[in-house]
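This report describes selected parts of one structure, which is a predicted model.

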Amino acid sequence: MRSTSSPDDPLTAPPARPRLRRALPRWGPPRARQLAVVVPVTPFLFLSVVRAAGLDRTEGRLFQAESFFYESTLGLPVAIVAAVIIRSRRAGLGVALVALLVAAALWPVRPWYERPTTAHGPALRSAATNAYLFNDDLDAYVAALGDLDADVLVVHESTQAHVDALDGLDADTYPYGWSTAGDFSAKSHTVRSRYPIRAVTEDLVGARIYPTITIDVDGVLVDVVSVHASAVLANDQTARLRDELARVDDIARRAIDAGRPVIVAGDFNASHEHTPFRDLLDGPLVDAHLARGQGLAATWPARSLLPPIV
């Protein structure tokens, strides 16, 4: 007597795993299957080795490559899908290990955790923006700044046209201002403040001037340091960026030693992916964005088909 099995009979149906294997046939030759898992995570593994070995502290391409460290983690989901399709236990274990490394890399900048800080002084809402020299949509730009409702606005790459447009902000909201704008320069600084400006100190940082604007917040003097650092993706400026952010640390410590709260705001042209920025945060300064539990934020390039990377 011959027995037959039915796929609907749980006692005689074939195991689920072989059925899954038939549903997901092996894709491509062995080498192609391996590459489908390895290639997506290679940039992250490479940049992790560069960071672990301290090679990102050198100047040039490796330093610049770290600009894409967090973006390189986006290859992990692709590798996970490939590992499921090719049904390789070894690939699955490898992807699981990479997933742990990615989690360890992203954990310090997780967005839901508000970092405790030792910051003291009055509560202030500050905003920093790069006006971009060639930005001619001034009405929309100024309207966006007004929507921020900041106590202190720090604007870089501001021409005289930008300054004139900023005068369109409510004079009762920002009765105090200071600017170096006037020429067509990427090194200009403009500040608008709700509070009186008591002093301005200019520090020569490399070839740039970094002003410190001291404002009076209900009797408490607060230093606002305006920073516009050299571009990290420019081949000849990586050393300059490192030196500039080291000087920013000195300037901030000067204010702290004088007993004044300090806000460092501006266009750093760097992020947590870059060693000079991480070194800056190893001192007395904290990242206000992370401290408020906002996680990472990329803002450049803002006017491009590419998504922001820094």
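Strand β5 (residues 197-205) and strand β6 run antiparallel and are joined by eight bridges. Within this pairing, Ala199 stands opposite Thr214 of β6. The two strands form a hairpin with two residues between them, and Gly206 in the turn has a positive phi of about 65°.

On to the next pairing: β6 is also joined to strand β7 (residues 220-228), by six bridges, and these strands run antiparallel. Val217 has Val220 in β7 as its bridge partner. Here too there is a hairpin with two residues between the strands, and Asp218 in the turn has a positive phi of about 50°.

Strand β6 covers residues 208-217, and nine of its 10 residues are buried, so the strand is largely enclosed by the rest of the structure.

## Helix α4

Helix α4 is made of 12 residues, 75-86. From first C-alpha to last it reaches 17 Å, close to the 16 Å expected at 1.5 Å a residue. Its buried residues are Gly75, Leu76, Ala79, Ala82, Ala83 and Ile86. These lie on the same side of α4, because they cover an arc of only 120° around the axis. After the helix comes Arg87, with a positive phi near 60°.

## A nonpolar surface patch

Leu45, Leu97, Leu100 and Leu101 make up a nonpolar patch on the surface, and together they have about 370 Å² of accessible area. Helix α5 (residues 89-106) supplies the largest share of the patch, three residues.

Leu45 is located in helix α2 (residues 30-52). Its relative accessibility is 33%, so Leu45 counts as partly exposed.

How values were computed: Residues are numbered from 1 along each chain as its sequence is written. This is a predicted model: local features need pLDDT of at least 70, side-chain atom pairs count only at pLDDT 80 or more; totals for chains, interfaces and linings use all residues. Side-chain values use heavy atoms; hydrogens and water are left out. Helices (H or I, at least four residues) and strands (E, at least two) are DSSP runs, numbered from the N terminus. The expected span of a helix is 1.5 Å times one less than its number of residues. Buried means under 20% relative accessible area, exposed over 50%, partly exposed in between (1.4 Å probe, protein chains only). The arc is that of the directions from the helix axis to the C-beta atoms. Patches are made of residues with over 30% relative accessible area and no salt bridge: like charges are joined within 9 Å, nonpolar side chains (Val, Leu, Ile, Met, Phe, Trp, Tyr) within 5 Å. Accessible areas come from the Shrake-Rupley method with a 1.4 Å probe; for residues, only the protein chains shown count as cover. A salt bridge is a side-chain nitrogen of Lys or Arg within 4 Å of a carboxyl oxygen of Asp or Glu. Two strands pair if DSSP finds at least two bridges between them.
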